[in-house]
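Here is a short note for a colleague opening this structure for the first time. Please read the points with the model in view.

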Amino acid sequence: MTLVQSAVEKALADHAILNEFFGPVPTAARRTPMRELISTLLSHRTTHADEELAYDRMLEAFGDWEGVLAAPLDDLIHAIRTTRWPATQAPRIQEILGRIKAETGGSFSLDFLADWPTERSMAWLTDMPGIGLKTASLVLLFNFRKPVLPVDAHVHRVAQRVGFLGPKVSVEKAHAVLLALLSPKLDPEGLFNFHKHNYWHGQQICFFQRPNCPRCPLKGFCDYYREHYGEATSEVLAATPTHWDAAAWGKLPH
Ligand code: SF4
């Protein structure tokens, strides 16, 4: 087996192996830019089902974004009550909508970001209340194919355990660190797949508690594995699954 040692080598090996394991993901946007932005804001510490419920109730109650912007604050808080912090998120949503309306001269669309340079788009989005690097990166990568990398808790945990991200690097700082490792080699499609695969890997195999290392195809160069189980032998590697078995282990999430 080829020795994989440097952070860049490990990050690229992780990408290549998980791409094989989960299969390449088509890079179609999963939802409109406005929905990606507002839904991701609503999703903080909230289940996917409750996030969707809040989003649907909000638009049902007020009709459209103009209606949400003009809604009495208490009514908007009530509409998104299934989210974790409705009283915090409701005024944020209205401020975000106000800024988008002002930027676009009245339309509620983020399509203008397609023509903006990546750095300007990122700065504009992260200047809005409640919009951090992860949310802004999701919108810019998923919807506009800009060369950025969203890092959530799953991607962060896998990168630290395998050993291509330092143990003290925060999730926020990891955005720039991992992008610097990967962007010389990966285009937006590659970054999208890296994000998606490591998100799945953290959610389905490299659990926060008790990672399922026997099922993991990264064990051959994972620091955590070596510390807990020793060097992976050729017999162990040969017995490791090479592909996600949806029939046995279930369908992957969205
Ligand atoms: S070997 Fe274990 S700790 Fe390392 S990435 Fe795989 S599941 Fe996570």
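1. A word on terms before the helix pairs. Helix axes here are lines fitted to C-alpha atoms over the stretch in contact, and angles between N-to-C directions run from 0 to 180 degrees. Keep in mind that this is a predicted model.

2. Start with the overall make-up. The protein chain has 14 helices and 0 strands. Its radius of gyration is 20 Å, close to the 18 Å that the globule rule gives for 254 residues, so the chain is as compact as a globular protein of that length. Along the principal axes, the C-alpha atoms fill a box of roughly 65 × 35 × 30 Å.

3. Next, burial and contacts. Of the 254 residues, 36% are buried. Take the contacts with a separation of 6 or more: 64% of them join residues 24 or more positions apart.

4. Now look at α2 and α8. Helix α2 covers residues 33-42 and helix α8 covers residues 133-143. Their axes come within 9 Å and cross at roughly 155 degrees. An angle over 145 counts as roughly antiparallel, and α2 and α8 are therefore roughly antiparallel to each other. The crossing is right-handed.

5. Which residues make this contact between α2 and α8? From α2 come Pro33, Glu36, Leu37, Thr40 and Leu41. They meet Thr135, Leu138, Val139, Phe142 and Asn143 in α8. By class, the contact of α2 with α8 holds 6 nonpolar, 3 polar and 1 charged residues.

6. Is α8 largely enclosed or largely open? In α8, 10 of the 11 residues are buried, so this helix is largely enclosed by the rest of the structure. The buried residues include Lys134, Ser137 and Asn143, along with Leu133, Leu140 and Phe142. The buried residues of α8 pack against α2, α7 (118-126), α10 (171-182) and α11 (188-204).

7. Helix α2 also pairs with α6. The axes of α2 and α6 come within 10 Å and cross at roughly 160 degrees. That makes α2 roughly antiparallel to α6. This crossing is right-handed. Ile38, Leu41 and Leu42 in α2 meet Gln89, Arg92 and Ile93 in α6. The contact of α2 with α6 divides into 4 nonpolar, 1 polar and 1 charged residues. Note that Leu41 is named in the contact with α8 and also in the contact with α6.

8. One proline in α6 deserves a look. Pro91 sits in this helix, which runs over residues 86-104. Pro91 is partly exposed, with 14 other C-beta atoms within 10 Å. Pro91 and Phe221 are 130 residues apart in sequence, and their C-alpha atoms are 46 Å apart in space.

9. Finally, check two backbone angles. Most residues other than glycine have a negative phi. Arg145 is not a glycine, yet its phi is positive, about 55 degrees. Arg145 follows α8, in the loop between α8 and α9 (153-162). With 16 C-beta neighbours inside 10 Å, Arg145 counts as partly exposed.

10. The second case is Arg210. Its phi is also positive, near 50 degrees. Arg210 lies in the loop between α11 and α12 (223-229). Is Arg210 buried or exposed? Arg210 is exposed, with 6 other C-beta atoms within 10 Å.

Technical notes
Residues numbered from 1 in each chain as written. Predicted model: local features only at pLDDT ≥ 70, side-chain atom pairs only at ≥ 80, totals over all residues. Helix = DSSP H or I, 4+ residues; strand = E, 2+ residues; numbered from the N terminus. Parallel < 35°, antiparallel > 145°, perpendicular 65-115°, else oblique. Left-handed = near helix turned anticlockwise from the far one by under 90°. Contact = placed C-beta atoms within 7 Å. Nonpolar A, V, L, I, M, F, W, Y, C, P; charged D, E, K, R; others polar. Rg over C-alpha atoms; globule rule 2.2 N^0.38 Å. Buried ≥ 20, exposed ≤ 12 C-beta atoms within 10 Å, placed from the backbone.
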